[in-house]
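Have the model open while you read.

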Amino acid sequence: MSFELTKGLLDRIQGDVEVGRDQDILAVLSELHPSDIGGVLGRLTLDEARYVLRLLEEETAAEAILELDEDLRERLLEGLTSQEIADKLIGHIDSDDAADVMADLPEEKAKEVLDLLDDEEQADDIEELLRYQEGTAGALMAKELVSVRADATVARAIVEMRQQAREVDHVYTVYVVDKDERLVGILPLKELLFSAESTRTLIKHICETEVVSVRVDTDAEEVVNRMKKYDVVVLPVVDKDGRLVGRITFDDVMDVMQEEATEDYQLASGISEDVDATDSPMVQTRARLPWLLIGLAGGVLSSQIIGLYEEELRIDPKMAFFMPLIAATAGNVGVQSSAIVVQGLAAGTLQNMRVGARLWKELRVAVITALICGTLIFAVNLALRQSQALSYTVSIALCMVILTAALFGTLIPLLLDRIKVDPALATGPFVTTLNDIFGLLTYFSVGHIMYGLFH
């Protein structure tokens with residue numbers, strides 16, 4: 001059932017917090033899912049949210065905190081003691097979520113929290129996860145999993161699985177390892193139930209040995225691509241020696257996909273840093289200004305190009321009427337082409353396609369588009385009784401800018417990807433500014449030739 005936080009309910013909770021009606025607050029929140037409680041916390045002031053948080057049961061509080069925006073969660077935790085963070089949060093969540101939260105804390109406070117954890121194994125797991133580089137499989141994975149030895153019997157494996165499963169909230173799969181903890185297979189429940197001839201059957205005789213895995217240093221985007229390609233909901237992680245060290249689930253990957261989508265959207269919009277609406281004006285300005293300045297420089301360069309062809313404008317001032325059409329079409333085509341390429345790179349569908357093949361395909365699309373648009377604008381100009389010189393200039397220039405913009409839009413993200421720069425950069429102001437300049441240059445160059453022929 002969906003929950004909607006109304007202003008009336010929010011006012012009621014805030015009123016209860018103000019006068020300390022703890023039971024009334026808990027009565028309202030007890031009906032809600034932890035995700036919805038997180039939504040309520042996000043609408044309260046920091047002091048009110050901390051007050052409510054301290055009332056909740058530990059597991060509920062931990063789940064609700066994980067639902068908060070990262071910045072809000074960080075500010076909320078600043079007001080909690082290390083003991084509260086250890087007891088209320090870290091002790092009740094998986095190691096990967098715990099590592100994410102710990103990474104937001106100041107170094108000294110994080111160390112205090114680790115020292116206060118009752119479970120030493122959990123503290124060691126979190127410390128290990130914090131050592132992996134951000135954006136890798138090691139930083140994404142959780143340590144909680146169930147594994148059995150390949151040389152164990154079915155009876156022994158079942159005992160092991162029952163013991164380990166007590167420490168794991170969700171058992172997605174059972175991994176099979178050798179005596180050195182190297183991953184050698186997975187044990188599907190169906191094989192355990194129907195393929196084992198007896199409880200003395202060895203696991204290595206019934207497990208599946210074809211396993212898709214990633215190393216701890218695998219890039220997070222590659223993890224996403226591999227899970228999508230092989231359609232798996234959980235992926236084992238191994239170290240350089242093939243030892244099983246963790247697992248990544250689909251919900252971890254969804255977070256990565258959301259972050260990547262946000263980053264790509266911001267790059268495409270000309271925002272150079274990861275910012276959101278809650279960031280300060282100075283931070284938001286710093287993120288926006290670089291590309292605005294580049295666009296400004298592009299505009300100055302465009303005005304200089306127009307100035308170079310002042311004589312053509314004197315001959316026929318109507319040429320100025322079609323400058324926005326040329327620039328806008330070039331920008332739109334370039335963004336369309338780059339968006340398709342960036343989408344294909346992100347989805348992994350272009351990884352095996354040669355650059356030449358992609359350019360040839362885009363060129364064919366551009367030729368068809370250019371012929372249709374060029375013919376239409378030529379017909380419109382004839383209908384408006386424009387001069388032959390202007391009609392030919394606009395049509396030919398439009399065809400040329402469509403072709404070049406499509407090739408720029410295709411080639412630039414592929415080159416950026418080749419040199420390990422995020423290709424989403426090419427879908428924003430970069431391609432638009434470049435195509436604006438080149439489009440105007442093409443337009444006036446064609447006009448110079450056409451007006452020379454027809455006058």
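Start at Arg385, which sits in the loop that links α19 (355–383) to α20 (388–418). Keep in mind that this is a predicted model. Phi of Arg385 is near 60°, so here we have a positive value in a residue that isn't glycine. Is Arg385 buried or exposed? Its relative accessibility is 75%, and because that is over the 50% cut-off, Arg385 counts as exposed.

Now hop back to Glu181. This one belongs to the loop between β2 (174–177) and β3 (183–186). Glu181 also isn't a glycine, yet its phi is positive, near 70°. With 38% relative accessibility, Glu181 falls in the partly exposed class.

On to the sulfurs. How many disulfides are there? The count comes to zero, with a pair of cysteine sulfurs needing to be within 2.5 Å to qualify. Take Cys373: the closest cysteine sulfur belongs to Cys399 and is 8.0 Å away, so that gap is too far for a bond. Cys373 is partly exposed, at 28% relative accessibility. Cys207, on the other hand, is buried, its relative accessible area being 13%.

Here are the accessibility values side by side:

| Residue | Relative accessibility | Class |
|---|---|---|
| Glu181 | 38% | partly exposed |
| Arg385 | 75% | exposed |
| Cys207 | 13% | buried |
| Cys373 | 28% | partly exposed |

Definitions and conventions:
Residues numbered from 1 in each chain as written. Predicted model: local features only at pLDDT ≥ 70, side-chain atom pairs only at ≥ 80, totals over all residues. Heavy atoms only, no water. Helix = DSSP H or I, 4+ residues; strand = E, 2+ residues; numbered from the N terminus. Buried < 20%, exposed > 50% of the residue type's maximum accessible area, 1.4 Å probe, protein only.
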